[in-house]
Amino acid sequence: GGTIDDAPGEAFDKIARLIALPQPGGPAIENLAKSGDPARFKFPRPLLNRPGCDMSFSGLKTAVLRTRDALIADQTGLTKQDQADLAAGFQSAVVDVLAEKTRRAFVNYTSKVQRSFCVAGGVAANQAIRVALEHVSAENKAAFIAPPLSLCTDNAAMIAFAAAEQSSLRGPDDMCLSARPRWPLDTKQPAMLGSGKKGAKA
């Protein structure tokens, strides 16, 4: 599965901006969510009513935006508790989606030998996400692998580090490969976003 629109980390950054939190949004939302009530607002869990492992966070972002706007209209601003509850509700929805989509992925992945599940990237630093995915891995008798928090940084930084390591092993790249920001893991599946002027999008 893949994200039809924003990656989870992008969604965290955008929601942080919506509720006036600093960037990067992931740590800001996680910290504030600790003092929030995740049940105060009934945010959607996108695509859980459809089969498969694809994800979408645009509807969730819209729900948070509308809730924020309603609060501002009612009380001419957001209180600190409003921000915390919005952060907690949003984070809870993302956790639920990632956990359920991971469960479905385990069902599709039929191998029972030495199963493992790896989570990486900036979102892997989020403790609520990490704990939920660790539980899903345990349910499916799979080893859970995640880098230490100090290495869960911005994806661009991790890609740059990987490129530096590759360069030290085989020299500079000839730069002939075209950039493809949404390269699918499974090229046999139909494109998730349809076709544009430059062909099918991942």
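1. Helix H1 (residues 8-18) packs against helix H3 (58-75) at an angle of about 10°, the axes lying 10 Å apart. Axes here are lines fitted to C-alpha atoms, for helices over the stretch in contact, and angles run from 0 to 180 degrees between N-to-C directions. Helices are DSSP runs (H or I, at least four residues), numbered from the N terminus. H1 is therefore roughly parallel to H3 (angles under 35 degrees count as roughly parallel, 65 to 115 as roughly perpendicular).

2. This is a predicted model, in which local features need pLDDT of at least 70 and side-chain atom pairs count only at pLDDT 80 or more, while totals for chains, interfaces and linings use all residues. Residues are numbered from 1 along each chain as its sequence is written, and side-chain values use heavy atoms, with hydrogens and water left out.

3. On the H1 side, the contact with H3 is made by Ala 11, Lys 14, Ile 15 and Leu 18; H3 supplies Lys 61, Val 64, Leu 65 and Arg 68. Contact means heavy atoms within 4.5 Å. Five of the residues in the H1 and H3 contact are nonpolar, three are charged and none is polar. In this classification Ala, Val, Leu, Ile, Met, Phe, Trp, Tyr, Cys and Pro are nonpolar, Asp, Glu, Lys and Arg are charged, and the others, Gly among them, are polar.

4. Arg 68 also forms a salt bridge with Asp 69, at 2.6 Å from N to O. The term requires a side-chain nitrogen of Lys or Arg within 4 Å of a carboxyl oxygen of Asp or Glu. Arg 68 is buried at 18% relative accessible area, whereas Asp 69 is partly exposed at 34%. Buried means under 20% relative accessible area, exposed over 50%, and partly exposed in between (1.4 Å probe, protein chains only).

5. Helix H2 (residues 25-33) and helix H4 (residues 80-108) have axes that come within 8 Å and cross at roughly 110°, which means that H2 is roughly perpendicular to H4. H2 contributes Ile 29, Glu 30, Leu 32 and Ala 33 to the contact, and H4 contributes Lys 80, Gln 83, Ala 84, Ala 87, Ala 88, Phe 90 and Gln 91. By class, the residues of the H2 and H4 contact are seven nonpolar, two polar and two charged.

6. Nine salt bridges are found in the whole structure. One of them pairs Arg 40 with Asp 82, with the closest N and O atoms 2.9 Å apart. Arg 40 sits in the loop between H2 and H3 and Asp 82 in H4, so this pair ties together parts that are 42 residues apart in sequence. Asp 82 is buried, at 3% relative accessibility; Arg 40 is partly exposed, at 35%.

7. A salt bridge also joins Glu 139 and Arg 103, whose closest N and O atoms are 3.1 Å apart. Because Glu 139 lies in helix H5 (residues 127-139) and Arg 103 in H4, the pair ties together parts 36 residues apart in sequence. Both Glu 139, at 46% relative accessibility, and Arg 103, at 31%, are partly exposed. Through shared partners, salt bridges link Glu 100, Arg 103, Arg 104 and Glu 139 into one network.

8. The disulfide count is zero, a disulfide being a pair of cysteine sulfur atoms within 2.5 Å. Cys 53 is buried, with a relative accessible area of 14%, and Cys 176 is exposed, at 60%.

Technical notes
Helices (H or I, at least four residues) and strands (E, at least two) are DSSP runs, numbered from the N terminus. Angles under 35 degrees count as roughly parallel, over 145 as roughly antiparallel, 65 to 115 as roughly perpendicular and the rest as oblique.
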